[in-house]
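Q: Could you take me through this model feature by feature, giving the general idea before the particular case?

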Amino acid sequence: MRLSRYFVPTLRDVPQQAVVASHRLMLRAGLIRQESAGIYAWLPLGFRALRKIEDIICAEQERIGYVRMLMPTVQAADVWRESGRYEGYGPEMLRFQDRHGRDFLYGPTNEEEITALVRHYVKTGKSLPLCLYHVQWKFRDEARPRFGVMRGREFLMKDAYSFARDEAQAHRLYEDVFRCYMRTFHRLGVRAVAVRAPTGVIGGDMSHEFHILAETGEGVIYYDKAYDDEDVSSLSAESVARLRHLYAAEEALHEESSCPVPLEDVRCMRGIEVGHIFFFGTKYSHAMGLCLRDGEESFYPQMGSYGIGVSRLVAAVIEAHHDDKGIIWPCAVAPFHVGLLNMRVGDSVSEALCERVYAQLGARHVDVLYDDRDRRSGVKFHDMELMGMPWQIIVGKLAGEGRVELKNRRDGLVLACDVEEACGRVVSMMEDVVSL
């Protein structure tokens, strides 16, 4: 993509309303625009990052056998009355009536909707286990939306739901998702800790929150340092069981006097909650009459619910990966992998070299943002550092020799090399990411 034809409205000044780093950088780098309190438009650069994160999440869901579908944003109040949650959910739920006076709501979650759907189609236990998921926008009317998309009112969520024959099968499905989430966060380039958590309005008796470790996180968590020794890229059932039983707690629930881990083995870090999984048994299947038959026996399926904040993850990744110049995207989720900078617009040699790089990388499926604008060098460097592409290829003072400068955004190291070497190094990096 040529930057002269792209839409990236970067800002020079730091927005006063932005408190946390991710909010400041998402506004300054032209990823989002606030439309009203807690509601944002996703601009092209931010939307690309959002979709790349979504693609990784979906790939990992389908890797463990979940089937994608799509449920509506607007839900009938009747199914929520069946479960008993319509009146008790609280003011966060946006309720309204259609022109006929029928009660509806903008879905904050989908346990009722998915249970009603399965009740309509599934009649016997032969269909279990059944594992479905969707990615959909949600709305919760937060009293104090803040921190940009990290705690907005409208947000994109991945919700998965499992239906099992019995508790043993349900627990296996829960462990599958636990392992899936740890691998997902690893692929996104962030470290996550699973914290035992209360079930809240969802209900149930088993629940974990997943927190990304970041110095600028919104809360503090304490966890067993053994977490850091696990290889989350290839988690086995045994290692998942170990992780689930390692100590991890939010600050409000951590007490040194009762902590089961020696104090010298406890790490204290800031974290950002990005995922939450629940096992709630027959809470919804029983309340809503989802009763299946297996021969002469009838039973209520055991259910689980598993959420990841897709839009929230964009902010969380930035919180974990930035410096005073801007964003530093992990390669897997970068809107573009390479920023190509032409420092001598109008010079035929430099322009030909840029076109050569652009064509070679494009042919090998590397996403390139080509800064072909006739702007000062300082502006180009500033914008590219702010937007945070993992690699920069700078075409300028060495163009006459047929060489470019390859810069790593994370460590700032610059290598002078020919076009083939620069493109080869970038492609090799991309192959490593794809192989995860």
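Q: Where is the place of proline 129?

A: Some conventions come first: this is a predicted model, in which local features need pLDDT of at least 70 and side-chain atom pairs count only at pLDDT 80 or more, while totals for chains, interfaces and linings use all residues. Residues are numbered from 1 along each chain as its sequence is written, and side-chain values use heavy atoms, with hydrogens and water left out. Helices (H or I, at least four residues) and strands (E, at least two) are DSSP runs, numbered from the N terminus. Proline 129 lies in the loop between helix 4 (111-121) and strand 7 (130-139), and a cis peptide bond with omega of about 5° joins leucine 128 to proline 129.

Q: Which value of phi does phenylalanine 147 have, and is phenylalanine 147 buried, partly exposed or exposed?

A: Accessibility is read in classes, where buried means under 20% relative accessible area, exposed over 50%, and partly exposed in between (1.4 Å probe, protein chains only). Phenylalanine 147, found in the loop between strand 7 and strand 8, has a positive phi of about 65° although it is not a glycine. Because its relative accessibility is 21%, phenylalanine 147 counts as partly exposed. Histidine 365 also has a positive phi, near 60°, in a residue other than glycine; histidine 365 sits in the loop between helix 9 (348-363) and strand 18 (368-371), and at 69% relative accessibility it counts as exposed.

Q: How many residues does the largest nonpolar core have?

A: In soluble globular proteins, nonpolar side chains tend to be buried together. A nonpolar core is here a set of buried Ala, Val, Leu, Ile, Met, Phe, Trp, Tyr and Cys residues joined through side-chain atoms within 4.5 Å. The largest such core has 84 residues, and those with the most contacts inside it are Phe185, Tyr227 and Trp329. Helix 5 (residues 167-187) gives the most to this core, with nine residues. A second, separate core of 24 residues includes Tyr370, Trp391, Ile393 and Cys423.

Q: What does phenylalanine 185 touch?

A: Contact means heavy atoms within 4.5 Å. Phenylalanine 185, whose place is in helix 5, touches Val190, Ala192, Phe210, Val274, Ile308 and Leu313, not counting residues up to four places away in sequence. Phenylalanine 185 has a relative accessible area of 0% and is therefore buried.

Q: Which strands pair with strand 11?

A: Two strands pair if DSSP finds at least two bridges between them. Strand 11 (residues 219-224) is joined by six bridges to strand 13 (residues 266-281), with the two running antiparallel, and aspartate 224 has valine 266 of strand 13 as its bridge partner. Strand 11 also pairs with strand 12 (residues 248-250) in the antiparallel sense over three bridges. Five of the six residues of strand 11 are buried, so it is largely enclosed by the rest of the structure.

Q: Which residues line the largest cavity?

A: Rolling a probe the size of a water molecule over the atoms shows where empty space is left. On a 1 Å grid over the protein atoms alone, a cavity is a set of points where a 1.4 Å probe fits but cannot get out, and lining residues have an atom within 4 Å of a point. The largest cavity is lined by Gly38, Tyr40, Trp42, Trp137, Gly148, Val149, Gly152, Glu154, Phe155 and Ser311.

Technical notes. 1 Å grid on protein atoms, 1.4 Å probe; cavity = no way out; pocket = protein on both sides within 12 Å on 5 of 7 lines; lining within 4 Å.
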